[in-house]
Amino acid sequence: MINRKLADIVKDQKLLTLMEHATVQEACRCMWECRAGSVLVVDHQQCLTGIFTGRDAVRALAEGKNAEVTTLAQVMTPNPITIAADSRAIDALREMSNRGFRHLPVVEDGKIWGVVSRNDFMGMEIDRLDDETHLWECIR
């Protein structure tokens, strides 16, 4: 199962989405209740406009923002990098590793399929990324 498609990984995932005008407090509550590390931020047409993660929450609070009134639009990562649903697990792992992401939205033709994080991947998939990284470091 080293070549799993992302569509298979997120197929049963419940989407955790909020509108841009939702507050940081609402997002944190949803993330806590759903045991999720991120919320996908959408517009009225349910198109992805941003992603809000635990890191964004920490940054907002460290900057002294009030979680009860600060909107996701003010603190989210806008227009996030996404990956297609027909991509493979290793492709997502590479993208997250190369860019320093913990969460990567899966979007195809404007449709949100879900979001993957490193915890969604199996040991063999992570081992493959580690092997590739090690090989790349040896080549340099």
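**Packing, rings and loops**

Q: What covers the buried residues of α2?
A: The cover of the buried residues of α2 includes β1 (17–19), β2 (38–42), β3 (48–53), α3 (54–62) and α4 (72–75), where contact means heavy atoms within 4.5 Å. Helices (H or I, at least four residues) and strands (E, at least two) are DSSP runs, numbered from the N terminus.

Q: And what are we working from?
A: This is a predicted model, in which local features need pLDDT of at least 70 and side-chain atom pairs count only at pLDDT 80 or more, whereas totals for chains, interfaces and linings use all residues. Residues are numbered from 1 along each chain as its sequence is written, and side-chain values use heavy atoms, with hydrogens and water left out.

Q: Back to the helix, then: which residues of α2 are buried?
A: Val24, Ala27 and Met31 are buried in helix α2, which spans residues 24–34; buried means under 20% relative accessible area, exposed over 50%, and partly exposed in between, with a 1.4 Å probe and protein chains only.

Q: How wide an arc do they cover around the axis?
A: The arc is only 65 degrees, so they fall on the same side of α2, the arc being that of the directions from the helix axis to the C-beta atoms. On the other side of α2, Trp32 and Glu33 are exposed.

Q: Which residues are buried in α3?
A: In α3 the buried residues include Asp56, Ala57 and Ala60. Their arc around the axis is only 100 degrees, which puts them on the same side of α3, while Val58 and Ala62 are exposed on the other side. The buried residues of α3 pack against α2, β3, α4 and β4 (77–78), and just after α3 comes Gly64, with a positive phi of about 85 degrees.

Q: Changing topic to β3: is Phe52 buried or exposed?
A: Phe52, which is found in strand β3, is buried, with a relative accessible area of 0%.

Q: What is Phe52 in contact with, once its neighbours within four places in sequence are left aside?
A: The list includes Val24, Ala27, Cys28 and Met31, and also Ala57, Leu72 and Val75. Phe52 and Met31 are 21 residues apart in sequence, and their C-alpha atoms are 9.8 Å apart in space.

Q: Which side chain makes a polar contact with that of Thr49?
A: The side chains of Thr49 and Glu20 are joined by a polar contact of 2.9 Å; the term stands for a pair of N or O atoms within 3.5 Å, where within protein one must be able to donate a hydrogen and the other to accept it, and residues adjacent in sequence count only if both atoms are side-chain atoms. Thr49 has its place in strand β3 and is buried, with a relative accessible area of 14%.

Q: On to rings: how many aromatic pairs are there?
A: The count comes to zero aromatic pairs, under a rule by which rings of Phe, Tyr and Trp (its six-membered ring) pair if their centres lie within 6.5 Å, with planes under 30 degrees apart counted as stacked, over 60 as edge-to-face and the rest as tilted.

Q: Which charged residues sit over rings, then?
A: Arg35 lies over the face of Trp32, at 5.2 Å from the ring centre, and the charged end of Lys111 sits over the ring of Trp113, 4.2 Å from its centre. The criterion is that NZ of Lys or CZ of Arg is within 6 Å of the ring centre and within 35 degrees of the ring normal.

Q: Where is Arg35 placed in the chain?
A: Arg35 is in the loop between α2 and β2, where it is exposed, with a relative accessible area of 67%. The phi of Arg35 is near 55 degrees, a positive value in a residue other than glycine.

Q: What about Asp109, where does it lie?
A: Asp109 lies in the loop between β5 (103–108) and β6 (111–117). Its phi is near 50 degrees, again positive in a residue other than glycine, and Asp109 is exposed, with a relative accessible area of 82%.

Q: Last one, for the whole chain: how many helices and strands are there?
A: The chain has six helices and six strands, and of its 140 residues 38% count as buried. Among contacts between residues at least 6 apart in sequence, 59% join residues at least 24 apart.
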